Amino acid sequence: MGKIRALTSEVIAQIAAGEVVERPAAVVKELVENAIDAGAREIKIEIRGGGAKLIRVTDNGEGMSPDDARLALERHTTSKISSAEDLFAVRTFGFRGEALAAIAAVSKVRIVTCREAGSPGFEIRVEGGSIFQSGETAGAKGTTVEVQDLFFNVPVRLKFLKSPGTELSHIADTVARLALANDSVRFQLFHEGRLLAHYPLRPQGSARLAEAMGREAGEKMHRFGARNGAVEISGYAGEPGFDRANPRGIYLFVNRRPVRDRLLHHAVQEAYRPLLPKERNPVVVLFVELPPEAVDVNVHPSKGEVKFVDPDLIHRSVVGAIRRMLEESPWLPKAAILRPEARECEGGYSPAFVPEEIPLKGLESDRPQGDSALDLFRGKAGYGQIRQTYLVLTSEEGITLIDQHAAHERITLEKLQEQFFEKEIRKQLLMVPEILELSLSEAQAVLEHLPDLDRMGFSLEQGGERTFWVRAVPEIVAGQEPLLVLKEMIGEISSWGREADLNRQFSNWIHLLACRGSVRASRNLRSEEAFSLFEQLQNCVSPARCPHGRPTFIKISADDLDKMFQRK
Ligand code: ADP
Ligand code: MG
């Protein structure tokens, strides 16, 4: 008997489902897009258990006939296109006819749909891809699609789901994106019966912006717009200063479709290049509108990627539109002057940077045993400073050069690690608590990690749905925009895994604090200060490297000097 056999249709469907439905938020996206395609003006999204237990989307759109409802659940069935040419003229979100089938293959689906108020509705239930019940029912005009026990028949997928809070934050983010792009539709998002987000109909687009991204975004983001032939660019871009450590504040839409597109992403970054330090990212909502034939949306089953027929034109138009707004804005000179020196951290903290030593597993010394590399610090004889950056120490035995900033960062990191081990990072109470306004998904993530943030020195208390009171901040950053640091830390939570790597996450946070906490403009050090720095560096567990791996000092012994001058 040969070894090759055909897969059963059930397996084929599950494989296909993997591409469309990677997590609950993807299901929400598909169902809401279907509702919008059906002309809904009101969409209600109900979630239980972070979406793993239940996702229910109810719309007041055109509904389906019983036959259509049955067909809709099969693979490659759609009412949106009928020929390959149609692909280049799609104005709807859907067209592949895959989503419902894919979702039904990996969950228990129930659809209730009704085409006209007053006429009977139709109900259909599917489990693991096969219909097991259907019939007439009462129903209001529109459609409800209910997805229960997602991945109940795909244990591997189930295992990869993160905590309900994390999944919910992805869902909230997805709904925020959809709401931003569809301001003629009213959205409500519920979790466990509680209203989490409401996007009412508002005459002003900027009101929705604040609802989706927080009040601060509403104030610090500004409208831009431009037309270039058939291409229309519009959106909101944040002032420099309202920037972030990660690129998650960049929301891109092509013909109202949320996309992840490198070209657009690059164009947005490019527009800000003269204004933001390299490791910072702007906050931008970008809408690109162009004729359907000028863009291919059929690049990937999740429809998150696109191909432009004229990529250069798009790139230029986006950079131009955002730059013009940035250049005209009155706040610009101030921001441009303030920025560069505010972040002098060399090496730069990058969230992708994973420190090699994980401090929570116990500290290991890289200090050479016996003949210590730091011995030169003793018997100091002379001291000098080069470009307010390098310290020079001379002694009978040679010269030691120290990178002032790298050394300081190393010392700060170890201080923080020690505090963290002992109990928690040392805090400074704020006389007047600060208000922190977050997006819904951030707020969700923060709620889940309140005790963790507290261990890091940030004491928060929930004030409203997505506002928090900041009552204490880590001493180490108290003097330098602690809320910005806090926001960076919060930004990282959404990329966190489960319990298992919590140590690594803490370690990341401690590095971030150390980096931000040792932001010192280059300055002259008096010799006492310099010697105190040497001494503290000497007491470090790993004195030789800064947290980013650069050397903190370089030693040239008298013997080395002899060699260099060819005395031997
Ligand atoms: P696609 O959206 O790519 O066409 P789907 O599997 O998402 O594929 O949906 C299949 C079909 O089911 C759609 O083409 C549409 O006709 C119908 N449908 C799905 N959801 C709804 C809804 N909420 N209201 C009305 N019709 C719907
Ligand atoms: Mg669809």
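Below is a short exchange on the ligand site and an aromatic pair.

User: Before we start, what kind of model is this?

Analyst: Residues are numbered from 1 along each chain as written, with chains lettered from A and ligands numbered from 1 in written order. Side-chain values use heavy atoms, without hydrogens and water, and local features need pLDDT of at least 70, side-chain atom pairs 80 or more, while totals for chains, interfaces and linings use all residues, since the model is predicted.

User: How many charged residues are in the shell around ligand 1?

Analyst: The shell has 19 residues, each with a heavy atom within 4 Å. Seven are nonpolar and eight polar. Charged ones (Asp, Glu, Lys and Arg) number four.

User: Is the pair Phe420 and Phe506 stacked, edge-to-face or tilted?

Analyst: Rings of Phe, Tyr and Trp (its six-membered ring) pair when their centres lie within 6.5 Å; planes under 30 degrees apart are stacked, over 60 edge-to-face, the rest tilted. Four aromatic pairs turn up. For Phe420 and Phe506 the centres are 5.1 Å apart and the planes at 50 degrees, so the pair is tilted.
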